[in-house]
Amino acid sequence: MAAGLRLSHRTPTPDHGGTAWVIVAAVLAAGMLAGAAGVSAGWPRGTLDWQPDRAWLEPWRWFTAAWVHLDREHLLANLAGACVVAAFGHAAGCGRRDALAWALAWPLTHGALLLVPAVQHAAGASGVLHAGVAVAAGTLLGGHGRRRTIGVLVLLGLLVKVLAEQPWVAPLRATAGWDFPVAVAVHASGVAAGLVAAAVAWATSRRRAAATIRD
C-alpha cells in the first residue's frame with residue numbers, strides 16, 4: 001500500500017520534446033537512402049517492395065516497401081516529405097506515445113493494401129508519411145485554441161486530398177510529373193492507419209494512467 005501510494009505521487013515523465021518522433025523519421029529516411037544505395041548496387045527492388053501475395057511469407061515487406069523508390073525524383077520527394085513530417089511532429093509536441101503510434105502505423109499502412117487487390121506492387125514512403133501527418137494532427141486535436149484549430153484543418157486537408165484522389169475508383173492513378181502510376185490507395189491507407197494507431201496509443205496511455213492512479 002505504501003509503495004503504491006508513493007508511486008501515485010511520483011511526477012510523471014513528460015511525453016514531449018519530439019526526440020522519439022524525429023528518430024522514427026530518421027529511421028524512415030535512412031532506410032530510404034539505404035534502399036536507394038542497394039538498388040543502385042544491383043539489389044532487386046522486387047525483393048523489398050510491397051507485394052500482397054508475398055506479404056505473409058516475406059513479412060519484412062511491411063516495412064521495406066517504404067524504403068524503395070521507383071526513380072530519383074520519387075526518392076527525393078519522399079526524403080523531403082520525411083523532413084517536413086519530422087518538423088511538423090516536433091512542432092506539434094509529438095512525444096513517445098505519438099512516435100510509437102507512427103511506428104505502428106508504418107506496417108499497418110501497407111497491410112491495409114491487402115484489402116486492395118488491384119495494388120500488386122507498391123514502393124515509396126508516401127503512405128507512411130501520410131500516416132505521420134495524421135498522427136501529429138491528432139496530437140494537435142488534444143490541445144486547445146490555435147493548436148486544436150490547426151489539427152482540425154490538417155485532418156480536413158488530408159480528408160479532402162484522399163477524397164479528391166478517389167482511391168476506391170482507381171487505386172493506381174496516372175499523375176502528371178511521374179513516369180509511373182501513383183498508388184493513391186496507399187495515401188488513404190496511411191491516413192487510416194495513422195488515425196487507428198494514434199487512437200490505440202491514446203487509449204493505452206489512458207488505461208495506464210488510470211491504473212497508476214488506482215495504485
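Tutor: Helices here are DSSP runs of H or I with at least four residues, strands are E runs of at least two, and both are numbered from the N terminus. The model is predicted. The part I take is helix 2, residues 19-40.

The chain has 215 residues, and 41% of them are buried. Its secondary structure comes to eight helices and two strands. Along the sequence the pattern reads α-α-α-α-α-α-α-β-β-α. Consider contacts between residues at least 6 apart in sequence: 75% of them join residues at least 24 apart.

Now the length of helix 2. With 22 residues at 1.5 Å a residue, helix 2 should span 32 Å. Its end C-alpha atoms lie 31 Å apart, which agrees.

Next, its buried side. The buried residues of helix 2 are Trp-21, Val-24, Ala-25, Leu-28, Ala-29, Gly-31, Met-32 and Gly-35. Around the axis they cover an arc of only 150 degrees, which puts them on the same side of helix 2. The spacing fits a general rule. An α-helix has 3.6 residues a turn, so residues three or four places apart point the same way. Turned away from the buried side, the opposite face of helix 2 carries the exposed residues Thr-19, Ala-34 and Ser-40. After the helix comes Gly-42, with a positive phi near 110 degrees.

What covers the buried side? The cover includes helix 4, helix 5 and helix 6. A pair of packed helices is described by the angle between the axes and the distance between them.

Start with helix 4. Its axis is 9 Å from that of helix 2, at an angle of about 170 degrees. Helix 2 and helix 4 are therefore roughly antiparallel to each other. From helix 2, the contact uses Trp-21, Val-22, Ala-25, Ala-29, Met-32, Leu-33 and Ala-36. Helix 4 answers with Leu-75, Asn-78, Leu-79, Ala-82, Val-85, Ala-86, Gly-89 and His-90.

Then helix 5. The axes of helix 2 and helix 5 come within 7 Å and cross at roughly 25 degrees. That angle makes helix 2 roughly parallel to helix 5. Here helix 2 contributes Ala-20, Trp-21, Val-24, Ala-25, Val-27 and Leu-28, while helix 5 contributes Arg-96, Asp-98, Ala-99, Trp-102 and Trp-106.

The largest nonpolar core holds 36 residues. Trp-21, Leu-28, Met-32, Trp-102 and Leu-129 have the most contacts inside it. Two or more residues each come from helix 2, helix 4 (72-91), helix 5 (96-111), helix 6 (126-141), helix 7 (146-165) and helix 8 (184-214). Helix 6 gives the largest share, nine residues. A second, separate core has nine residues, among them Ala-55, Trp-62, Leu-113 and Ala-122.

Helix 6 deserves a moment. Of its 16 residues, 14 are buried, so helix 6 is largely enclosed by the rest of the structure. Those 16 residues should span 22 Å at 1.5 Å a residue, and the end C-alpha atoms are 23 Å apart, which agrees. Beyond its neighbours within four places in sequence, Leu-129 is in contact with Leu-28, Asn-78, Gly-81, Ala-82, Val-85 and Trp-102.

Gly-151, Leu-155, Leu-158, Val-162 and Glu-165 are buried in helix 7. Seen down the axis, those residues fall within an arc of 95 degrees, so they line one face of helix 7. On the face turned away sit the exposed residues Arg-146, Leu-153, Val-160 and Ala-164.

Gln-166 is not a glycine. It lies in the loop between helix 7 and strand 1 (172-173). Its relative accessible area is 35%, so Gln-166 is partly exposed.

Note on methods:
Residues are numbered from 1 along each chain as its sequence is written. This is a predicted model: local features need pLDDT of at least 70, side-chain atom pairs count only at pLDDT 80 or more; totals for chains, interfaces and linings use all residues. Side-chain values use heavy atoms; hydrogens and water are left out. A nonpolar core is a set of buried Ala, Val, Leu, Ile, Met, Phe, Trp, Tyr and Cys residues joined through side-chain atoms within 4.5 Å. Buried means under 20% relative accessible area, exposed over 50%, partly exposed in between (1.4 Å probe, protein chains only). Contact means heavy atoms within 4.5 Å. The arc is that of the directions from the helix axis to the C-beta atoms. Axes are lines fitted to C-alpha atoms, for helices over the stretch in contact, and angles run from 0 to 180 degrees between N-to-C directions. Angles under 35 degrees count as roughly parallel, over 145 as roughly antiparallel, 65 to 115 as roughly perpendicular and the rest as oblique. The expected span of a helix is 1.5 Å times one less than its number of residues.
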